[in-house]
Amino acid sequence: MAQITVEGTDLVVEVQGMDKLWSLRSRLTIPLAHVRGATSDPGIVGDGQGLKLGGARIPGVIVAGTFRQDGERVFWDVHDKTKAVVIELQDETYARLVVQVADPRAAVELVERARKQS
Amino acid sequence: MARPKTFSSEQLLRLALVCFTAGGYEGTSVDDLVQALHVHRGSLYKEFGSKRGLFLAVLQEYVRSTLPSAIEAAVSAPGDAFDTLTTGSELDLLLIAGIERGHTDLQVAALVEQALSQLDDIPTLARTRMDAPVGVRSSTVMLGARLGRRLLPTTGEHPSGTTLEEGM
């Protein structure tokens, strides 16, 4: 589970609780100019994650950490796929972030609004 | 992996338009889009950034090309352009954009406004055609009529098979 906030011109994704251990990351800071959009997408977990580069994956329980799929590096932190949000990036180490948030609709709106204002 | 080059960007947008027209914005999931467009999910995100990004691209293409073509065809065809446009499904994306996204998304609102002004220009356009019947009806009346026909396609019967009264 992650918390998404906007700090100035950055999008901050804070990994919560024990997920910091599984994902090997605690905080990601992305300039809003590098954020292309956010989408609530429960179906993405079912597509698989590709190769695990670092982190944990127990099917149906947790996907957390850095994975490489189709030549792209993707950061995951999802337990409950119904709350998965995809944040598409450019010019970053990660092509996209797939994170579970408490309120996907609010998170998508926050990201889209912040992008427009940045 | 790049997406299979089965469809051009224009075809992708046309297929996405069909999805959004049938399911609405919220009702169309990324799963629905991936399946209908035959693209990898990653490619979809790479190309459009988000579902909103895809919807905006669809709406831009609609305002640039789809709607003007539909208006042109309706005005050129025999019969009342108003009837032709409100009987077909060409105005449905405009309805969906206006109802679901127009009040929160400024870019969508601007595109909806452009589409409405195209509809408002129909009487002027019709006057340039010799035998086209000229009826002055505003875009909002036209959308209202289309909404009614979308809900009750033919003789007052609801698509679910029940009449509206039974369903209440």
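1. The largest pocket in this predicted model has a volume of about 640 Å³. Its lining comprises 26 residues, and those that lie nearest the centre are Val108(A), Glu109(A), Tyr25(B), Glu26(B) and Arg101(B).

2. Of the contributors, α2(A) gives the most, with eight residues. Sorted by class, the lining of the largest pocket holds 12 charged residues, alongside seven polar and seven nonpolar ones.

3. Turning to the interface, 18 residues of chain A are in contact with 17 residues of chain B. The two chains bury about 1,300 Å² between them, with 40% of that area on carbon and sulfur atoms. On the side of chain B, the residues that lose the most area to chain A are Arg41(B), Tyr45(B) and Arg52(B), which together account for 37% of what that side buries.

4. Five salt bridges are found across the interface of chain B and chain A, and 12 residue pairs are found there in polar contact, both residues being at pLDDT 80 or more. The side of chain B that touches chain A draws at least two residues from each of α2 (30-37), α3 (41-48) and α4 of chain B, and α3(B) gives the most, with six residues. By class, this side of chain B has eight charged, five polar and four nonpolar residues.

5. Glu26(B) deserves a separate remark: this residue is among those nearest the centre of the largest pocket, and Glu26(B) also forms a salt bridge with Arg105(A), in which the closest N and O atoms are 3.7 Å apart.

Notes
Residues are numbered from 1 along each chain as its sequence is written. Chains are lettered from A and ligands numbered from 1 in the order in which they are written. This is a predicted model: local features need pLDDT of at least 70, side-chain atom pairs count only at pLDDT 80 or more; totals for chains, interfaces and linings use all residues. Side-chain values use heavy atoms; hydrogens and water are left out. On a 1 Å grid over the protein atoms alone, a cavity is a set of points where a 1.4 Å probe fits but cannot get out, and a pocket is an open set with protein on both sides within 12 Å along at least five of seven lines; lining residues have an atom within 4 Å of a point. Grid points are joined across faces, edges and corners, and a volume is the space filled by probe spheres set on the points. Helices (H or I, at least four residues) and strands (E, at least two) are DSSP runs, numbered from the N terminus. Ala, Val, Leu, Ile, Met, Phe, Trp, Tyr, Cys and Pro count as nonpolar, Asp, Glu, Lys and Arg as charged, and the others, Gly among them, as polar. Contact means heavy atoms within 4.5 Å. Buried area is the accessible area (1.4 Å probe) that two parts lose on being put together, summed over both. A salt bridge is a side-chain nitrogen of Lys or Arg within 4 Å of a carboxyl oxygen of Asp or Glu. A polar contact is a pair of N or O atoms within 3.5 Å; within protein, one must be able to donate a hydrogen and the other to accept it, and residues adjacent in sequence count only if both atoms are side-chain atoms.
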